[in-house]
Amino acid sequence: MLNQNTHIKVFNHRQRIVFVIDMSQSMLTVDVSDRARVNMTTAFETVCKTVDGLLRPFEFVTQFREATVQPDLRITVVGDPGPDGLIRVLMQDIPITRQQFDPFIEKLYDLMIEFENELLEKRTKTDYSSFRSLGDALLMLDLDPDDRQQTIVFLTNGVCCAGSDRKEICSRMVSRMVHVVVIQIGAPDGFTPSAEFGRVSNMDWVQFLVQACNGLFIYSGDCPYTQDQTDPNFYHLLYLFKPELGSHTQQEYPLRPVDELPVRLINSNHSNQQTKDEQGFPWLKDTKAPGITKILCGYKDYKIPFQQLKHLIHSRLSQGFILQHCKHRKKTEKNSEKLELTFVLYWLPNVNVDYTIKIYWESNTDLFQGDRKPIRVELNVLAHHSFAVLFINVHDIESQDVKNSLHNRLVQLHKFLRDIYETDETIKFLTENPSASNYWQILSQFLMIKPDILDTKRLSVVLQSTSQLVHQSDRAVQVANGSVEQGRSRRQVATIYLYQHLARWASFVWNKTFYIKMTETGYCFLQVIWETESLVSIVGSFMGLDLPMQDQVWQSLEQEISGIVHLRNQKPFSPIIVYRKPLDLLIVYEKIQARPFLRSKTWEWFHNMQSSKPLTRMVQLGFQMLYQDRLEEGFKHLAESVGSATFCKSVQVQERELVIQYCIEWNLSKNTLKTQLWMETSWIYDNGFMDWFEKIQQKIYYRVFHLTPGLFESDQIIDILLH
């Protein structure tokens with residue numbers, strides 16, 4: 001039985017962790033406050049200590065059960081050179097065991113040194129990192145989706161800039177329940193000019209990041225070396241365990257004055273309440289930060305039917321709001337009870353949006369039984385004095401010619417608040433009017449405009465031509481001659497199969513574009529997006545369905561599509577290939593810029609030969625041979641355009657799906673032919689870490705190398721040379 005003495009411990013031993021290491025120029029400084037060590041060295045050792053501590057087993061003992069837990073880790077390490085450089089994925093989604101720890105650390109050290117040497121040769125003036133790398137870390141988690149707990153560890157010395165997309169990144173982390181840990185490298189007592197050579201740590205933004213992501217902030221100096229022990233160690237408690245439910249105690253870290261948040265003085269005159277420490281200057285290292293005057297600005301106060309409670313909570317969590325507190329009060333004299341839920345979204349340092357839900361009902365009755373009074377919603381902004389004054393007078397600012405520096409942020413905040421109110425009103429209409437004639441039209445428009453308020457799932461589908469390979473080689477000749485029209489028509493059979501089976505799976509089809517699957521408690525709203533003539537993304541939005549039901553509905557969709565079979569030459573053939581990996585994030589072709597998180601290799605053909613009629617024909621034949629050879633090797637066609645063709649192939653390596661892309665680019669007017677190999681970073685352990693990308697690269701090179709003699713011995717080339 002649960003009571004006030006019950007402690008509930010929740011942990012997940014299956015973890016996918018992305019380490020983001022700040023490798024900007026400021027990390028090469030020497031921290032004299034910590035044994036005169038380079039910050040980059042401290043960051044590397046912190047990663048080593050963290051992985052070592054997590055890999056150690058521990059005993060989990062309860063009143064009913066005793067077990068030994070061995071954490072199951074998959075590690076990704078990303079190097080962030082700063083906003084002017086491209087990230088480098090050093091290692092990606094590597095399963096680590098105790099036996100592989102030493103080789104892993106040795107390989108990581110070599111890769112960090114190699115990347116740092118490259119940065120030193122082309123280093124720009126930028127010497128700080130940005131929050132953009134955290135968005136790249138989220139992308140690393142998207143590339144390998146599964147049911148593991150997702151964690152991002154950001155190691156930085158705090159010399160960073162805010163970045164324009166910080167709100168979107170933080171909201172995505174909160175909505176996906178990504179565990180965020182920020183580790184301050186060096187300067188354990190705050191800004192130390194002699195240690196950081198004048199580079200100021202932007203601790204306000206670092207602390208804001210931790211707040212906005214509902215994460216944890218620690219110092220590298222607090223990360224200890226660990227030994228084998230039966231109880232969970234420091235890293236187990238920090239990464240694997242959730243805060244105890246039913247307990248008010250938290251993990252204790254050494255207190256530092258720089259970590260203490262300023263005192264909030266709401267709706268008060270701060271000038272009359274300053275202490276001697278706040279008035280004194282210069283401040284000392286142990287001086288507490290002065291208090292901040294904040295004003296609570298009301299924006300909207302409205303009512304929503306009680307039946308919308310679940311949708312309201314889900315919408316706010318999906319937008320990145322954090323549940324700040326839950327208060328329950330009894331009013332004996334009125335024989336009533338009140339439940340107050342307050343959600344907060346951190347917009348800027350010392351500026352946050354408060355969304356409060358107030359529920360009233362009679363005492364001694366079940367909250368979720370019978371008719372209930374409408375829910376009262378209060379939407380407010382709590383901001384420091386100067387921002388609050390501008391927020392209240394935002395209309396006056398818009399009418400002025402000279403705009404305040406905070407003008408854009410103020411306008412964006414007003415737009416965000418208006419969107420919240422309109423979203424709640426739309427949900428209210430959809431719930432109260434399920435039989436309205438324009439119900440599905442409003443719902444489809446609503447989901448297209450605000451897709452982030454619902455749970456979503458994605459599938460990538462590649463449509464294949466049902467013609468024989470010999471006929472597809474004719475297509476290579478057409479493409480080589482510049483004919484790329486009617487890309488979908490060649491996959492018309494696969495397209496018909498796809499739409500037929502989606503219609504059979506769905507309860508009904510709306511406007512020939514959206515597919516709706518109805519259940520007893522809710523529905524799945526399906527949208528088909530054509531990325532290229534061969535690649536289709538299927539996006540499902542769920543409303544009113546819990547997570548198990550969402551998985552069940554989505555699995556039925558996968559089975560419906562993947563089970564499609566077509567008879568080609570009296571043999572079964574799959575015209576539709578289903579990928580769980582998000583190919584729309586991986587694909588590289590003419591309209592998409594290079595993906596910095598992918599490794600690539602480029603081969604140039606005939607680049608030392610003078611332009612001539614035989615060379616033009618050799619470029620055409622070379623393209624045809626490469627096109628046909630990729631199809632024979634099992635690659636699937638992804639995209640075509642004038643001057644390029646992209647193919648992909650999926651391989652399974654140590655329980656990990658890898659997507660290999662091969663791009664062919666040609667230009668007949670310049671007589672150029674170039675091929676590119678694109679693939680995710682993949683280090684495979686086999687008595688040492690082996691670069692799988694190098695293996696694939698060599699395999700393709702030798703296969704293509706054997707095509708070259710046939711190119712020069714072609715009868716068409718010989719005929720041109722003779723005449």
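Trainee: Which strands does helix α6 lie across, and how does it run to β12?
Mentor: Helix α6 (residues 203-212) lies across β9, β11 and β12, and runs at about 135 degrees to β12, where angles go from 0 to 180 degrees between N-to-C directions and axes are lines fitted to C-alpha atoms, for helices over the stretch in contact. Contact means heavy atoms within 4.5 Å, while helices (H or I, at least four residues) and strands (E, at least two) are DSSP runs numbered from the N terminus. This is a predicted model, in which local features need pLDDT of at least 70 and side-chain atom pairs pLDDT 80 or more, whereas totals for chains, interfaces and linings use all residues. Residues are numbered from 1 along each chain as its sequence is written, and side-chain values use heavy atoms, without hydrogens and water.

Trainee: What about α1, which strands are under that one?
Mentor: Helix α1 (residues 39-55) lies across β1, β6, β7, β9 (149-156) and β11 (179-184), and its direction is about 175 degrees to β1.

Trainee: And what order do the strands come in?
Mentor: The open sheet has six strands in the order β7-β6-β1-β9-β11-β12, with mixed pairing; strands pair if DSSP finds at least two bridges between them. At the edges, β7 (88-96) and β12 (216-219) each pair on one side only, and the twist averages 15 degrees from one strand to the next.

Trainee: How many bridges join β1 and β6?
Mentor: Nine bridges join β1 (residues 14-22) to β6 (residues 72-80), in the parallel sense, and Arg16 has Arg74 in β6 as its bridge partner.

Trainee: New topic: how far apart are the axes of α15 and α16?
Mentor: The axes of α15 (residues 492-505) and α16 (residues 547-562) are 10 Å apart, and the helices pack at an angle of about 145 degrees. Residues including Leu498 and Trp505 in α15 meet a set in α16 that includes Val553 and Ile561.
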